Amino acid sequence: MDTAFRTPPHSTTTDGAPRTVGVEVEFANLDAPSAAAVVRSLYGGALEPEDPHRCRVTGTRLGDFAVELDMRSAHPGKTEESDAGPLGKAVGKAVDGVVEALRPWWGNIGSLVMPFEIAAPPIPIDRLAELEPLFTALSAQGAAGTDASPLFAFGLHLNPQVARTDGDYVLDHLKAFLLLAPWLRREIRVDPTRRLTGFIAAFPVDYAVKVVDPAYRPDLDGLVGDYLEANPTRNRELDLFPLFAHLAPETMAAKLSDPHVRPRPTFHYRLPNARLGDPDWSLAQDWNRWVAVEELAADRDRLDALGTDFRAFAAREALDGWAAEAGRRLAV
């Protein structure tokens, strides 16, 4: 099992600060207070329950963790106020009272099919190994991962901070991801239920063919515009909405209205399964696959060569063989 964490080509930001990574893992069979207790036992800090299905663990040696049921209706304070008139607001308040009384029950029901999630604070890349014991401890406490049930479409999300904020840097990483996505899906063995949910849909082939072309070099606004036209959704294996909202807020605002998009200077990589309970899995495995994307992005000659070959495979309608080809080229 691969347990050593590889270092990407760019381990610092332009100001010399160590890059960080946010990690989110989904699981079942362990409630928020119990999972939060696991976090506190490993990293210290204070456990702060917010409701029956959401806790925070603050002041740990890694920062502040959040643990919650990933279902909006299970948490108070997450609904928007009504814009209705006085009568509508009065009725709304009465309904809200009933809703608030039922929320804990909804949470209990939802926990049968919806995951709990631990969101770790941004952690320096060279300290990622300190998260590995968390997955082991969660499994030991009975947390169930993706493979435990056909109903568990659970994922591991990695949010690597960008090293630079220029358009070429972002584009190179998007190109690299599009070229390696078939290989990543094969290596990860993405859970069929997760594929069916649509949350991690692949990028359209026509869009991939366009972007990996070595001649495709738009400025940042052009990149964002093309991306949104082909991908008007957050439900992609690599979700760039948070990054684009951070880098080009005016362009994003002009083309998209989604209150769930939080601007962040990170890639939002959503493809890996959350394989808690699997002794052959480690966080390092999925992190190292992401590093392969960054390594390709940092090598313009290899990036352009693979882009040309990918387009040739697509022209021959032979992309079913691209995962093996990409894997072979990475091994060289």
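How many aromatic pairs does the count come to in this structure? The count comes to 16 aromatic pairs, where rings of Phe, Tyr and Trp (its six-membered ring) pair if their centres lie within 6.5 Å. This is a predicted model, in which local features need pLDDT of at least 70 and side-chain atom pairs count only at pLDDT 80 or more, while totals for chains, interfaces and linings use all residues. Residues are numbered from 1 along each chain as its sequence is written, and side-chain values use heavy atoms, with hydrogens and water left out.

**Confidence**

- The chain has a mean pLDDT of 87, and 86% of its residues reach 70 or more; pLDDT is the predictor's confidence in each residue, from 0 to 100.
- Take care with residues 72–112, over which pLDDT stays under 50. For this stretch the model has 39 contacts beyond four places in sequence, a contact being heavy atoms within 4.5 Å.
- Where pLDDT is low, the predicted coordinates should not be read in detail.

**Aromatic rings around Phe177**

- Phe177 and Phe203 form an edge-to-face pair, 6.3 Å centre to centre with 70° between the planes. Planes under 30 degrees apart count as stacked, over 60 as edge-to-face and the rest as tilted.
- Phe177 lies in helix α4 and Phe203 in the loop between α5 (192–197) and α6, so this pair ties together parts that are 26 residues apart in sequence. Helices (H or I, at least four residues) and strands (E, at least two) are DSSP runs, numbered from the N terminus.
- Phe177 also pairs with Tyr269: the ring centres are 6.0 Å apart and the planes are at 75°, so this pair is edge-to-face.
- Tyr269 sits in strand β9 (residues 268–269), so its pairing with Phe177 of helix α4 ties together parts that are 92 residues apart in sequence.
- Phe177 is buried at a relative accessible area of 0%, Phe203 is buried at 8%, and Tyr269 is buried at 0%. Buried means under 20% relative accessible area, exposed over 50%, and partly exposed in between (1.4 Å probe, protein chains only).
- Ring pairs link a cluster whose members include Phe177, Phe203, Tyr227, Tyr269 and Trp290.

**Helix packing**

- Helix α4 (residues 167–188) packs with helix α7 (residues 220–230) at an angle of about 35°, their axes 9 Å apart. Axes are lines fitted to C-alpha atoms, for helices over the stretch in contact, and angles run from 0 to 180 degrees between N-to-C directions.
- This contact is made by Gly167, Val170, Leu171 and Leu174 of α4 and by Leu220, Leu223 and Tyr227 of α7.
- By class, the contact of α4 with α7 has 6 nonpolar, 1 polar and no charged residues. Ala, Val, Leu, Ile, Met, Phe, Trp, Tyr, Cys and Pro count as nonpolar, Asp, Glu, Lys and Arg as charged, and the others, Gly among them, as polar.
- The buried residues of α7 include Leu220, Leu223 and Tyr227, and the buried residues of α7 pack against α4, α6 (205–212), β8 (238–239), α8 (241–247) and α9 (249–255).
- The axes of α6 and helix α11 (residues 300–315) come within 9 Å and cross at roughly 145°.
- The residues in the contact of α6 with α11 divide into 5 nonpolar, 1 polar and 2 charged.

**A buried loop residue**

- Leu62 lies in the loop between β3 (54–60) and β4 (63–69), and Leu62 is buried, with a relative accessible area of 10%.
- Leaving aside neighbours within four places in sequence, Leu62 is in contact with residues including Tyr43, Pro121, Ile123 and Leu131.
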